Amino acid sequence: MSVMTNESLYEIKTVSEPVVHQDQVFFVETLVDEEENNYQKTIYCVNQKTGEKVHWGDGGQSNTSLALSPNAKWLSYLSTNTDNNKPQLFIIPLSGGSAVQLTEEEQGVSTYKWTQNSAGIYYQTTQEAEKATEEEAKQQRKLPQKTVITKVKYKLDKAGILPTNQLYQLKKVTIATQATELIMERSDAFSFQYVAQDESYVLFGDRLHPDDEWASGTTVYKYHLATKDVRALTRDIPEGNFYFVGANETEETYLLVGNDFQYKFVTLDQLYAYDVVTGKLTCLTHDLDKNVGDVLIGDTAQNVQGFPVEWLDNETFLFPVTDQGKIVLYKGSLDGQLEVFVDECQHVMDGTLSACRSQLVAVRSTFTEPSELGLIDLSTGEWTAIYNPNESFSQTYQVMEPERFWYESTDGEAKIQGWYVPPVQVNNQHPVVLYVHGGPQVAYGETFFHEMHVLSAQGYGVLMINPRGSNGYGQAFVAAILGDYGNKDYDDLLLGLDTILEQHPEIDKGELYVAGGSYGGFMTNWIVGHTDRFKRAVTQRCISNWVSFYGASDIGPFFNEYQLGADLSDVTALWNMSPLKYAHQVKTPLLILHGEEDLRCPLSQAQEMYIAMKKYRNETKLITYPQSSHGLSREGLPNLRMERLTDIQDWFKAAE
């Protein structure tokens, strides 16, 4: 078998958005297109009995957001194969025939929902509040225009400076006539989440305190179409973040996922039931001490939605939980009963119930398999594969099964989980890379990570650890580093390294490397400022200075106050947690990688660290990537993803 390379990424395919109709399973297949330097998202269906695969949809670059009409006559989706290259709503008859474009929105369609009678579709779009005339638009293109900013939240990573001249709209298109009507219009952004079976109301998400721009909470609102009345569903919980995940068949109960903000940004998400008649909101998972939802990270899962909450009947449901590096499916009921349904070493990433409700059609990944479509039997929980787009890939490339291990923290307060990926060819005295994840409230786990396997193929052992601050180990674990970055988390990482070094004497203790991005970039900067034991380091999309981060990041004020427990009135606390303070102690050669359009951890963070390294005469290099936001390593331009991987590997090899 061959060993993986950077370019192997072009051969990996991701399955997502499964939709079931009789024996057919429709899905989106995504591949990284080297020639076009983009991501191709194509609709296919596979017959569960014969395995036959057929192409659906159109020839556009992006076909996503699959849905089946309730009467099972139409498959709907969003496609960018349009005159303005914006995602528009299409339907295609399941009986056969060409796709029909239903919308021509100037700024495209973001999300949509079918009506229960299949006669129409509600969808969300935006338009300019005051559209410039053709002459005004021509003049604006000719002359530079000023930008006036008046809000705290005025920019967003991947989006840039947020437009101020926008109207956010909910519309309905009638299938028979293709006529559209305006249902709701707001000057603030919202997220359309549900339309009632009788179309008397819709549910949407918006800010919990819309008049307070310093408040960070979100909630679910019910909007009555006839009266225009708007009501928040979480009025009894003064803070927090909530979103709608499903209504039962009788629409007597909604399920919401959210939290009460008790532990600020690190409060675990719980599952809540909302009684439509009484307005009572009840937490169904308060004794679970686990996060409802999916926070596992990898670098090949494209266009996946996360496994949804699925109603089994009017009283019971399935929901996903992040638990010790894997996604566990739970079965719950409105009376508060919870039981584990599926608990395997896997990442269940997407799914839906079959029409007979006896099976789940799901997408999963494992540490050694990128993406696979299959069935989960609701009586046994067993997995049966339907389609593996990476069968040839798995037969071609050798990837290593990780060594899974646990160890006790130095203070005895926690058990820490890690994964050690040995080199494909194990040699005595081989190097090892400690790779720190971002977040920090995410987690490594049982999912495919191309970059780690490539390093393993090049002779490195790769160490992946979930230190305190990571998710999947309970509320106390994830909240352990609030206001205390670089203490317990730092100790956990280095102790994990020592644990592996003790268990693997074949590792060369003089060939230790460290790398990480985002929070992992912060931690890489912090590590090299507090120890000289690493031969080389790579910090990516990093944080170096919490003082300047406060005003420069798109989430700076909120992150600093709710995560670090300090604002500009306590610059000393922010500075004490800033790697830049300890830059004079760095002796480790440091490569600094950063996207030029990163607004989450702005480029200035990398530049400050770079100049500090130059000031103290430490070996360093700064590499920036154009047209790249915070998610470069997972969803950035493919050619720049290749460049980034090569830059990291060249930096490590320069030490050999």
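Visitor: What should I know before I start?

Guide: This is a predicted model, so local features need pLDDT of at least 70, side-chain atom pairs count only at pLDDT 80 or more, and totals for chains, interfaces and linings use all residues. Residues are numbered from 1 along each chain as its sequence is written, and side-chain values use heavy atoms, with hydrogens and water left out.

Visitor: How many disulfides does a search of the whole structure find?

Guide: General idea first. A disulfide is a covalent bond between the sulfur atoms of two cysteines. Here the test is a pair of cysteine sulfur atoms within 2.5 Å. The search of the whole structure finds zero.

Visitor: Is Cys-542 buried or exposed?

Guide: Buried means under 20% relative accessible area, exposed means over 50%, and partly exposed is in between (1.4 Å probe, protein chains only). Cys-542 has 0% relative accessibility, so it counts as buried. Cys-45 is at 3% and also counts as buried.

Visitor: How do I read a helix such as H3? Where does it pack?

Guide: Helices (H or I, at least four residues) and strands (E, at least two) are DSSP runs, numbered from the N terminus. H3 covers residues 450–457. Eight of its eight residues are buried, so H3 is largely enclosed by the rest of the structure. Among them are His-450, Met-452, His-453 and Ala-457. The buried residues of H3 pack against strand S1 (2–3), strand S35 (415–421), S36, strand S37 (461–466) and H12. Packing is read from contact, which is heavy atoms within 4.5 Å.

Visitor: At what angle do the axes of H3 and H12 cross?

Guide: Axes are lines fitted to C-alpha atoms, for helices over the stretch in contact, and angles run from 0 to 180 degrees between N-to-C directions. The axes of H3 and H12 (residues 638–653) come within 12 Å and cross at roughly 40°. Now the names for angles: under 35 degrees is roughly parallel, over 145 roughly antiparallel, 65 to 115 roughly perpendicular, and the rest oblique. H3 is therefore oblique to H12. The crossing is right-handed. That word applies if the near helix is turned clockwise from the far one by less than a right angle, and left-handed if anticlockwise.

Visitor: Which residues make the contact of H3 and H12?

Guide: H3 brings His-450, Glu-451, Val-454 and Leu-455, while H12 brings Arg-644, Leu-645, Ile-648 and Gln-649. By class there are four nonpolar, two polar and two charged residues. Ala, Val, Leu, Ile, Met, Phe, Trp, Tyr, Cys and Pro count as nonpolar, Asp, Glu, Lys and Arg as charged, and the others, Gly among them, as polar. An α-helix has 3.6 residues a turn, so residues three or four places apart point the same way.

Visitor: What about helices H5 and H6?

Guide: The axes of H5 (residues 488–503) and H6 (residues 519–528) come within 11 Å and cross at roughly 80°. H5 and H6 are therefore roughly perpendicular to each other. Asp-489, Tyr-490 and Leu-493 of H5 meet Tyr-519, Met-523, Trp-526 and Ile-527 of H6. This contact has six nonpolar, no polar and one charged residues.

Visitor: Is Arg-617 buried or exposed?

Guide: Arg-617 counts as exposed, at 70% relative accessibility.

Visitor: What does Gly-60 touch?

Guide: Gly-60 lies in the loop between strand S5 (53–56) and strand S6 (63–68). Leaving out residues up to four places away in sequence, Gly-60 touches Gln-40, Lys-41 and Asn-81. Gly-60 is buried, with a relative accessible area of 8%.
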